[in-house]
Amino acid sequence: MAKINFKLNEEFVEIDTDLNRRLLDVLRDDFSLTGVKEGCGEGECGACAVLLDHRIINSCSTPLANVIGKEVMTIEGFSKTKRYETIKEAFAEAGGVQCGFCTPGMIIATESLLNKNPHPTDFEIKIGLSGNLCRCTGYNLIVEAVKEAIKRGEGLW
Amino acid sequence: MVNAYVPKTLEDCLKLLNEFDLKIVAGGTDVLIQNRAPSQLAIGYKKDVCYILQIEELKKIYEDDQYIYIGSAVSLEEIMDSMIVPEILRNTILEMASPAIRHTATLAGNIANASPAGDSLVTLYLLDAEIEIRSMNNLRRMKVSDFITGVRKIELAKDELISKIIIPKFEFDQAYFKKVGPRLSDAISKVAFAGAYIVEGKKIKDFRVSFGAVNVTVVRADELEQKIISRTVKDIKKMKETIVSWYEKAINPIDDQRSNKAYRKVVALNLLREFIENLNL
């Protein structure tokens, strides 16, 4: 057990717990952030993706010890931003959402990609989303959604 | 419950390793999966853990005249984005895992994991990469190919830590990495190949190839490379099938859930054929 601090969705938080827990469990069980999903639990599907210092990571394969003093953002925190609104509308418009289980991870992946590279090529979009699995849409609609977000969000990234 | 240590300096880390028997964890992207517990329970480590990602001294990439030095806590993404890192290693990393894993996983972790299918190892063997290993009372340096002795077997004492990866600077005429896997990302290779060469005055001055996932460790055969060096490119192309037969003996893949022996062997040797066919004067 240890008391640690990190920034979670723009707020400084302190938690006294076992540092050998997965970030995924801490976010869901201690902070009730259930937009973070457990899919495969082994880093292959991206449903548990969150931003760590503005870059996508899988919270299922991140020990809590690795976020000490860092900045974590989940889909709940990101949903308060203009960038989120833009991505959300683009996903809805392009039909990039069906069952919705992968969607928080897909949106986090989109943000991580555009934050680093605001004008990606089609191939770069595919690389950016390549760690996220979707069993409904067949991916093309999601790639279209990202392109739509880039168009609508000119200047945001 | 196992203890978690999170040292902030290299000195503190080495002291801890000197005192206790600890599992070293960097990004954790392999270690967490290998020690997976049921959801909502703590990670199922078998012993106490030392987390090294908070150690700033291990987070630098720099160079001198002869070498590039990569700290063992530098993420794969940072290595991929660094212009001083050889292009073949950056391209190799681009084919490893996914953006989410590359943001937190480390090259030192891929080395210490010593998987027969570790992608970076294929390129690190090709480049004659070395590692720096530290303990409280010692500092040593060895080739990655000597450090890995078998499947998940490495030459690391319990008080030691990989502190740097050291890559010799070398200009090849061409150097590339190719991976054969079922998916663009998050795929563990069925076969991986890396090749590099230098031609000088129509003759081969340097020739290297390495193969991943076709034996217990990466296959690179110095004695075969020596038999190829100094010949003309034209001769090498003529004796392509002879060279392939030499390498066939060194390639000894297994059947597993990802692929099978026959496929791995054929594909590995075809990647070698392609490399030889594409040698340029």
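Analyst: Happy to; what follows is a set of questions and answers on this predicted model.

User: What makes B:Ile243 count as buried?

Analyst: The cut-off for buried is 20 or more other C-beta atoms within 10 Å. B:Ile243 has 21 C-beta neighbours inside 10 Å, so it counts as buried. The residue sits in helix α11 of chain B, which covers residues 240-250.

User: Which residues is B:Ile243 in contact with, leaving aside its neighbours within four places in sequence?

Analyst: Those are B:Ile228 and B:Ile276. A contact here requires C-beta atoms within 7 Å. For a sense of scale, B:Leu10 is 233 residues from B:Ile243 in sequence, and their C-alpha atoms are 46 Å apart in space.

User: Why does the radius of gyration of chain A agree with a compact globule?

Analyst: For 157 residues, the value of a compact globule would be near 15 Å, and chain A has 15 Å, so the two agree. Along the principal axes, the C-alpha atoms of chain A fill a box of roughly 45 × 30 × 25 Å. Buried residues account for 50% of the chain's 157 residues. Of the contacts in chain A with a separation of 6 or more, 60% link residues 24 or more positions apart.

User: How many helices and strands does chain A have, and in what order?

Analyst: There are six helices and five strands in chain A. Starting at the N terminus, the order is β-β-α-β-β-β-α-α-α-α-α.

User: Where are the domains of chain A, and how many residues are in contact between them?

Analyst: The domain assignment gives domain 1 (2-78) and domain 2 (82-152). The C-alpha centres of the two domains of chain A are 21 Å apart. By the 7 Å C-beta criterion, 15 residues of domain 1 of chain A are in contact with 14 residues of domain 2 of chain A. On the domain 1 side, β3 (49-52), β4 (55-58) and α2 (75-78) of chain A each give two or more residues. β3(A) gives the most, with three residues.

User: What kinds of residue make up that side of domain 1 of chain A?

Analyst: The residues of domain 1 that touch domain 2 in chain A divide into 10 nonpolar, three polar and two charged.

User: Now for the two chains. How many residues of chain B are in contact with chain A, and which elements supply them?

Analyst: 28 residues of chain B are in contact with 30 residues of chain A. On the chain B side, α2 (31-34), β3 (49-51) and α5 (99-102) each supply at least two residues. With three residues, α5(B) gives the most to that side. The chain B residues that touch chain A comprise 17 nonpolar, nine polar and two charged.

User: What makes a group of residues a nonpolar core, and which residues have the most contacts inside the largest one?

Analyst: The members must be buried residues of the nonpolar kinds, joined through C-beta atoms within 7 Å. The largest such core has 130 residues, and B:Ile52 and B:Val122 have the most contacts inside it. Beyond four places in sequence, B:Val122 touches B:Phe177, B:Ala192, B:Phe193, B:Ala194, B:Ser210, B:Phe211, B:Gly212 and B:Val218.

User: How confident is the predictor in chain B?

Analyst: On a scale from 0 to 100, the mean pLDDT of chain B is 96, and 100% of its residues reach 70 or more. The model as a whole scores ipTM 0.95 and pTM 0.95.

Key: Residues are numbered from 1 along each chain as its sequence is written. Chains are lettered from A and ligands numbered from 1 in the order in which they are written. This is a predicted model: local features need pLDDT of at least 70, side-chain atom pairs count only at pLDDT 80 or more; totals for chains, interfaces and linings use all residues. Domain bounds come from an automatic or database domain assignment. Two residues are in contact if their C-beta atoms, placed from the backbone, lie within 7 Å. Helices (H or I, at least four residues) and strands (E, at least two) are DSSP runs, numbered from the N terminus. Ala, Val, Leu, Ile, Met, Phe, Trp, Tyr, Cys and Pro count as nonpolar, Asp, Glu, Lys and Arg as charged, and the others, Gly among them, as polar. The radius of gyration is taken over C-alpha atoms; the globule rule is 2.2 Å times the number of residues to the power 0.38. A residue is buried if 20 or more other C-beta atoms lie within 10 Å of its own, exposed if 12 or fewer, and partly exposed in between; C-beta atoms are placed from the backbone.
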